[in-house]
Amino acid sequence: MKWDLVCENNWKGPFTMSVIFLGMTSGAFVSGHISDRYGRKVVLFGAMIIQTALSFVQVISWSWEVFCILCFFIGFGDISNYVAAFVLGTELLGKAERTAYSTLGVCMFYAVGYIILPVFAYYIRNWRMLLLALTIPEVLYIPFWWLIPESPRWLIAQGQVTEAEKIVQGFAKKNGITHVGVVFQQVDTKEYTLLSSTARQKHPHNFLDLVRTSNIRNITILSFLVWMITSIGYFVLTLGTPNMHGDPYLNCFISAISEIVAYSAAWCMVKHAPRRLATATMLILGGVILLFIQFIPPSVHILTTVLVMIGKAGITISFAIVYVFSAELYPTVVRNMGIGICSMASRVGSIISPYFVYLGTYNRMLPFLLMGSFILLAGSFCLLLPETRDQPLPENVLQVQPVGCSCCPIGFHHSAVSSAKTSTPEEVQVQSSSIYFMPGSQLDQVKG
């Protein structure tokens, strides 16, 4: 860029990255609430339009200040469509497909884009043309509006059962399944009218539901800390890759390749290993390796690079699993808000991360020492979260599991019954009863 970003203005580089992540933080916070109220699909495509349109405008930015402002809103749209797409896929797919989508689907294609970036950057050295080349493919998403349905789980939570029935029956037809019958069986028309109106009018769900009961409050606090610390580790290693010894384009490409390996490993672990143990193990592995790097002599560049890639792979695996883990911890009625808050915590970490990288200019080992310590702490927090593998997705707040570890349950949570004592009889009935009979095995078969 020709905006004098050197010498006394070199702070503008990390600041620009922080502005992008600040936009992501805002997007994660706002879009989760909008998505849980107005639908996953609306947020997904609305955010795509914001991101694509402003990226085209950014190509003709006439000053650094304008570029930064656009970075904020592009970051807003970027994380909004990412989280909405993740939650929508989680709720649309059956149990087996959900695992593959959450790792190989979302994360693997992110890694493919990461691989393409250094290749494009190597051959297109003008930043405006590079940005244009990376933005044009986003237009290809427009036809997907007519191909991707709304989440049936969200429609059910909103009382829009007819629309949900049509979507699931459409799944059955496309999969060649006939004589499915009525999937969502209404219990009683009068009871449904009372309960659905109570759910929508007396208790509209908002961010306070993420801390309303002890169980969900503990999960929100622990998830916030795990996501923030993991994000710091991931982005410090990612942003610091070009500063490592050797060609920056090659280093970035190798870092991207390591993510392909990491996401493949994450898919296997999500399929076969407990969520809690897998996440904690990978974080602890990454933290130990990063702490060990300080003992490597500066002259041994190759060993340092290898260890950094292994540590980054461990953190990347945990980042992939924690998305699945968190989506399974939160109930349907606040799932997008929960993932949004977690993603906001991640963006708080990413805002801080450029300055961790900047610390490396004063002491090469300081970022690794700080990151390694924090990541070990995040691994210990994961051990407190409840296990979700092979468990049904919770539909309401009272179905959220209590926190605790396998050997020592935490004693400061309340049971679902005690948490509901202050609720009105109507609210308790809405939250704890199922208005519609939704056979799990049949629904998975229809979606499969």
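## Nonpolar cores

The largest nonpolar core holds 79 residues, and Leu290, Phe368 and Met371 have the most contacts inside it. Helix H12 (residues 301-329) supplies the largest share of this core, 15 residues. A second, separate core has 14 residues, among them Leu155, Ile156, Ala164 and Phe171. A nonpolar core here is a set of buried Ala, Val, Leu, Ile, Met, Phe, Trp, Tyr and Cys residues joined through side-chain atoms within 4.5 Å. Phe368 touches Leu237, Leu290, Leu291, Ile293 and Val308, not counting residues up to four places away in sequence; contact means heavy atoms within 4.5 Å.

## Basis of the description

The model is predicted: local features need pLDDT of at least 70, side-chain atom pairs count only at pLDDT 80 or more, and totals for chains, interfaces and linings use all residues. Residues are numbered from 1 along each chain as its sequence is written, and side-chain values use heavy atoms, with hydrogens and water left out.

## Helices H3 and H13

Helix H3 (residues 64-92) packs with helix H13 (residues 335-359) at an angle of about 140°, and their axes are 10 Å apart. Helices are DSSP runs (H or I, at least four residues), numbered from the N terminus. The axes are lines fitted to C-alpha atoms over the stretch in contact, and angles run from 0 to 180 degrees between N-to-C directions. H3 and H13 are therefore oblique to each other; angles under 35 degrees count as roughly parallel, over 145 as roughly antiparallel, 65 to 115 as roughly perpendicular and the rest as oblique.

On the H3 side, Ile79, Val83, Ala84, Val87 and Glu91 meet Arg335, Asn336, Ile339, Gly340, Ser343 and Arg347 of H13. The residues of this contact comprise five nonpolar, three polar and three charged. Ala, Val, Leu, Ile, Met, Phe, Trp, Tyr, Cys and Pro count as nonpolar, Asp, Glu, Lys and Arg as charged, and the others, Gly among them, as polar.

## Arg275

Arg275 lies in helix H11 (residues 275-292). Arg275 is buried, with a relative accessible area of 5%; buried means under 20%, exposed over 50%, and partly exposed in between (1.4 Å probe, protein chains only).

Beyond residues up to four places away in sequence, Arg275 touches Thr99, Val270, Ile321, Val324, Phe325, Glu328, Glu387, Thr388 and Arg389. Arg275 and Phe325 are 50 residues apart in sequence, with their C-alpha atoms 6.1 Å apart in space.

## Phe56

Phe56 belongs to helix H2 (residues 40-58) and is partly exposed, with a relative accessible area of 32%. Apart from neighbours within four places in sequence, Phe56 is in contact with Leu132, Thr135, Ile136 and Val139.

Notes
Helices (H or I, at least four residues) and strands (E, at least two) are DSSP runs, numbered from the N terminus.
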